[in-house]
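Work through the exercises below with the sequence and the 3D structure at hand. Try each task before reading its solution.

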Amino acid sequence: MAWFKRTDKGIQTATEDKKDTPKGLWYKTPSGKIIDTEELKRNLYVSPEDGYHVRIGSKEYFELFFDDNKFKELNETLTSKDPLKFEDTKKYPDRLKAAQEKTKLKDAVRTAVGKSLGKDLVIAAMDFSFIGGSMGSVVGEKIARAIDYSIKNEIPFLMVSKSGGARMMEASLSLMQLVKTSAKLAQLAEVKIPYISLCTDPTTGGTTASYAMLGDINIAEPNALIAFAGPRVVKDTTGKDLPEGFQKSEFVLEHGFLDAIYERKDLKKQVNLYIDLIQNLPIRKEEELAS
C-alpha cells in the first residue's frame with residue numbers, strides 16, 4: 001500500500017519547476033460559454049458556441065483580408081510626441097512607452113497595402129490594446145497618408161475602426177484629426193476611389209464622428225458597440241432607461257446608420273464584392289482565384 005505514501009520526506013520543488021496549467025488554454029465568452037483557444041483561433045476568434053466576436057487587432061485583420069497574409073506596411077515607424085507636456089497619473093511619454101512595450105505596436109493604428117482576392121487593397125486597422133485605440137496625431141496622420149497612397153495608386157481603401165475616441169493626452173491636436181481624416185476622405189471621393197468602413201467593437205467618440213461613418217459603404221461586425229457617447233454616459237445624462245441592445249450594431253443598423261452587418265468569416269468576400277460593384281467590375285470569386 002506504499003504506492004500512495006510519500007517515502008521521501010522534506011521534498012521541495014522550486015517555483016519555476018512546478019507544473020502549472022498553462023494560461024490561455026480556454027476563453028470564456030460573456031454568455032458563459034467556454035471555448036478552447038486553439039479552436040477559437042481557427043474560427044477567426046468567433047465563438048462557435050454563441051457567435052460572440054472576440055476583439056482582435058490589426059495583425060488578425062491583416063491575416064483575414066490579405067491573401068496569404070502578404071502585405072507591405074506603410075509608415076510603420078511613426079510615433080507620437082508630447083507637445084503639450086501632458087501628465088495625469090503618468091507622464092504621456094511614459095504611458096506611450098509602456099503601451100509600446102506591452103503591445104509591440106508603435107501606435108493605435110497600422111496601415112498596409114496588399115492583395116485581397118487578387119486585387120490591391122489599402123487597409124488601416126486600429127488596435128484597441130494601444131491606449132484604448134485612442135485617436136491621436138499619429139493615428140490621424142497614418143490614416144491620411146494611407147488615403148494619399150490610395151489616391152496616388154488608385155487603390156480602394158478599407159478602414160477598420162476599433163476605438164474609444166480621441167486621445168485626451170493630445171487634447172485639441174487629437175480633435176483636429178477628425179477634420180484631417182474627413183478632408184482626406186473627401187479627396188478620395190472626388191477621384192471616385194471606393195472607401196469601405198468596417199466598424200468593430202467598440203467604435204466610439206471622435207472615430208464615429210469622423211471616418212467611421214463616412215464610407216461609401218458602412219458595415220459592422222455583429223454585436224459591436226457603435227456610438228458617440230457610450231450607453232452608460234447617455235443614461236447618466238438623460239436619467240432614462242435605454243432600449244434593449246442600445247447602440248449595438250444591430251440597433252444602429254435598424255435605425256439607418258449602417259448598411260449591413262457581417263460575420264467575420266464573410267468580411268473579406270463582402271468587402272471585395274462591394275468594391276467590384278462600386279467600380280462596375282466583374283465580381284471576383286474566392287474559389288475561382290484559388291483554382
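The exercises below concern a predicted model.

**Exercise 1.** Determine which elements the buried residues of helix 4 pack against.

Solution. Begin with the buried residues of helix 4, among them Val-139, Ile-143 and Ile-147. An α-helix has 3.6 residues a turn, so residues three or four places apart point the same way. The buried residues of helix 4 pack against strands 3, 4, 5 and 6 and against helix 5.

**Exercise 2.** Describe how strand 4 is paired and enclosed.

Solution. Strand 4 runs antiparallel to strand 3, with 4 bridges between them. One of the bridge pairs is Phe-71 with Gly-114. On pairing with strand 5, the count is 8 bridges, again antiparallel. Here Ser-116 is partnered by Lys-119. The hairpin of strands 4 and 5 has 2 residues between the strands, and Leu-117 takes a positive phi near 55°. Because 7 of its 8 residues are buried, strand 4 is largely enclosed by the rest of the structure.

**Exercise 3.** Is Thr-200 buried or exposed, and what does its side chain reach?

Solution. Thr-200 lies in strand 7. Buried means under 20% relative accessible area. Thr-200 has 0%, so Thr-200 is buried. Its side chain reaches the backbone oxygen of Ser-161 at 2.7 Å. The side chain also makes a polar contact of 3.0 Å with that of Lys-162.

Conventions
Residues are numbered from 1 along each chain as its sequence is written. This is a predicted model: local features need pLDDT of at least 70, side-chain atom pairs count only at pLDDT 80 or more; totals for chains, interfaces and linings use all residues. Side-chain values use heavy atoms; hydrogens and water are left out. Buried means under 20% relative accessible area, exposed over 50%, partly exposed in between (1.4 Å probe, protein chains only). Contact means heavy atoms within 4.5 Å. A polar contact is a pair of N or O atoms within 3.5 Å; within protein, one must be able to donate a hydrogen and the other to accept it, and residues adjacent in sequence count only if both atoms are side-chain atoms. Two strands pair if DSSP finds at least two bridges between them.
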